[in-house]
Amino acid sequence: SRHWKAVPVQGLPEAFCGGWVGYCGYDTVRYVYSNKLPRENAPEDDRSLADMHVGLYKDVVVFDNAMKMCYVVHWVEVSETESEESLEFAYSAGRQRLTELIARFQD
């Protein structure tokens with residue numbers, strides 16, 4: 001993910017478009033501030049839920065509540081050394097993936 005770099009697309013907002021996404025539980029602050037909030041003082045874990053869960057996602061649906069818009073994003077991984085033919089294939093495959101994702105919401 002260190003090498004992921006979004007290419008700005010005219011007409012699209014500069015918004016979240018993929019990458020590491022997840023959940024951090026309330027008590028995960030104890031990992032950062034263990035000297036002020038020791039783990040031994042934490043309430044009993046009665047649900048056995050993970051403290052954190054993150055994933056690196058190439059497909060993302062972004063909801064813009066302020067503008068009442070929804071954006072479907074698919075990352076296409078390419079390198080700077082790829083041939084034009086290879087880039088065109090990657091672009092075509094990315095468009096196909098977007099079409100599939102959008103169809104899932106329209107059914």
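Me: What is the relative accessible area of Tyr 31?
Reply: In this predicted model, where local features need pLDDT of at least 70, side-chain atom pairs count only at pLDDT 80 or more, and totals for chains, interfaces and linings use all residues, Tyr 31 is partly exposed, a class between buried (under 20%) and exposed (over 50%), with a 1.4 Å probe and protein chains only. Residues are numbered from 1 along each chain as its sequence is written, and side-chain values use heavy atoms, without hydrogens and water. Tyr 31 is placed in that class because its relative accessible area is 46%.

Me: Which helix holds Tyr 31?
Reply: Helices here are DSSP runs (H or I, at least four residues), numbered from the N terminus. The run that contains Tyr 31 spans residues 29-32, and this is helix α1.

Me: Which element gives the most to the lining of the largest pocket?
Reply: The largest pocket holds about 1300 Å³ of space, and its lining counts 33 residues, with Ala 6, Val 7, Val 9, His 74 and Trp 75 nearest its centre. By class, the lining divides into 23 nonpolar, five polar and five charged residues. Both β4 (69-74) and α2 (84-106) supply at least two lining residues, but the greatest contribution, eight residues, comes from α2.

Me: Which residues lie closest to the centre of the second largest pocket?
Reply: The second largest pocket has a volume of about 410 Å³. Its lining has seven nonpolar, three polar and seven charged residues. Of the 17 residues in that lining, the closest to the centre are Tyr 26, Asp 27, Asp 45, Leu 49 and Asp 51.

Definitions and conventions
On a 1 Å grid over the protein atoms alone, a cavity is a set of points where a 1.4 Å probe fits but cannot get out, and a pocket is an open set with protein on both sides within 12 Å along at least five of seven lines; lining residues have an atom within 4 Å of a point. Grid points are joined across faces, edges and corners, and a volume is the space filled by probe spheres set on the points. Ala, Val, Leu, Ile, Met, Phe, Trp, Tyr, Cys and Pro count as nonpolar, Asp, Glu, Lys and Arg as charged, and the others, Gly among them, as polar.
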